[in-house]
Amino acid sequence: MSDLIIFITLLALGYGFGRYAEKRHYASIRKREMQLRNVPAIASRIPPYGEPNFDSQLVTGNVVISVDYFKRFIANLRNLFGGRVTSYETLLDRARREAILRMKRKANDMGATMVFNIKMETASIHKGQGNNIGSIEVLAYGTALIPN
Amino acid sequence: MEYSNPEIPEGINTTPTHPLKEFFILTVGVIVILVTSLYLLILTIDYFADMIPFSWEEKIPVAQIIADKNTIEPPQYLTRLTEDIVAAMDLPDDMKITLHYSNSDIVNAFATLGGHLVLYRGLLEKIKSEDELAMVIAHEVAHIKYRHPVAAASHGIATTLILSLISTSSDNALGRFMGTTGMLTVMKFSRDFEYEADADAVSLLVKRYGHAQGAVGLFSIFKEEMADSEPVEFLNTHPLTEKRIHKAMSLTGAVTNRTQDKKMKPLPAEFVNWLASQAQVEVEEKTDR
């Protein structure tokens, strides 16, 4: 009985807080994306302008986001049936966008007009440790072009 | 090459399904599949469990396992009453019942593999009449008669086995969730066993005493004992006491109404005194330590 209550409480807490955090995070991401629209980030390996009057500098942005109990439980259920792990989709989407935003923020602070050749690395923390709530890390990096 | 900076639409990389909807579908799916398959499995097992000869059960050294420092030779009154009840319950010829008495204050009695039956002093002390005592013994003997211990053991083993195959680790939330679901399914069968045993015990009471007041008396003891701790039924191995009373009474309603004298037979004074002395023995042992 007490096990069941603990389980339901954890699920409810995970859902409640996870949902709240996600909503706030998305709102903040959208706001900052609008603010940093003037610094485009592109994946091309060649600088687009071909002009030599730019200084280039490495910029990175990195974020770690934790999975909540509820998301993890749904993902575990998905492991039985197969299909899209939708509960992790928003998690990774947020992490990627947040990492790019942090990278752009640095580029912007340097006075860069754009970041090219951007790449991303994803890693999971606590991988394979059954009972631990896992976290994901996303690192975005690229070359900032600063007009001189 | 021309570059533009379009605004990327929201929600490309995510699925708009509401998480609670997904949670609901998946959880209900798991529960339905798990319960149905365990149900079928247990029904199959029960079919085969009946074929296990009783002599196999007798080979398990159960007596040594249940024996502890409190287990002592039961008094003659208990042995004789058990023998009388067993004789009246039409057990298969090869089935032997062994009675054990444990001098501890646990309010319980149980029957297990190999026809072993254990009575605790704790329960005997609460009992006020021979009818109630006969109800306890007959109930446990009925469990053995219907081979409930071997069926219950098979249910447990099969369920554990299946669950360990499905979820490789029991330390995560899903593993525990499925374990609980499996356990609750098994408990449903356990409750059915209780009803079956109650029914037999009640008919023995009627046969022996002409009425089933002993069942009512015993269940009232349970009710007092579990006054505010009785949880929700589906989380329990035993049905709610209220339901057991109701069911037992509906079985004997016709019989009991005809009989006028519903007085229960008191326990012999000798046995009551013996129990009291046993309680004293345990108290002394406790103070010695």
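**Exercise 1. Compare the radius of gyration of chain A with that of a compact globule of 148 residues.**

Solution. Start with the rule: over C-alpha atoms, the globule value is 2.2 Å times the number of residues to the power 0.38. Next, take the box along the principal axes: the C-alpha atoms of chain A fill roughly 70 × 25 × 25 Å.

This is a predicted model: local features need pLDDT of at least 70, side-chain atom pairs count only at pLDDT 80 or more, and totals for chains, interfaces and linings use all residues. Residues are numbered from 1 along each chain as its sequence is written, chains are lettered from A and ligands numbered from 1 in the order in which they are written, and side-chain values use heavy atoms, without hydrogens and water.

**Exercise 2. Describe the contact of chain A and chain B.**

Solution. Count residues in contact (heavy atoms within 4.5 Å). Chain A gives 32 residues and chain B gives 29 residues. Now take the buried area, the accessible area (1.4 Å probe) that two parts lose on being put together, summed over both. It is about 2800 Å² between chain B and chain A, with 65% from carbon and sulfur atoms.

**Exercise 3. Find the salt bridges across the interface of chain B and chain A.**

Solution. Apply the rule: a side-chain nitrogen of Lys or Arg lies within 4 Å of a carboxyl oxygen of Asp or Glu. The rule finds three across this interface. One of them joins A:Arg78 and B:Glu22. Their closest N and O atoms are 3.0 Å apart.
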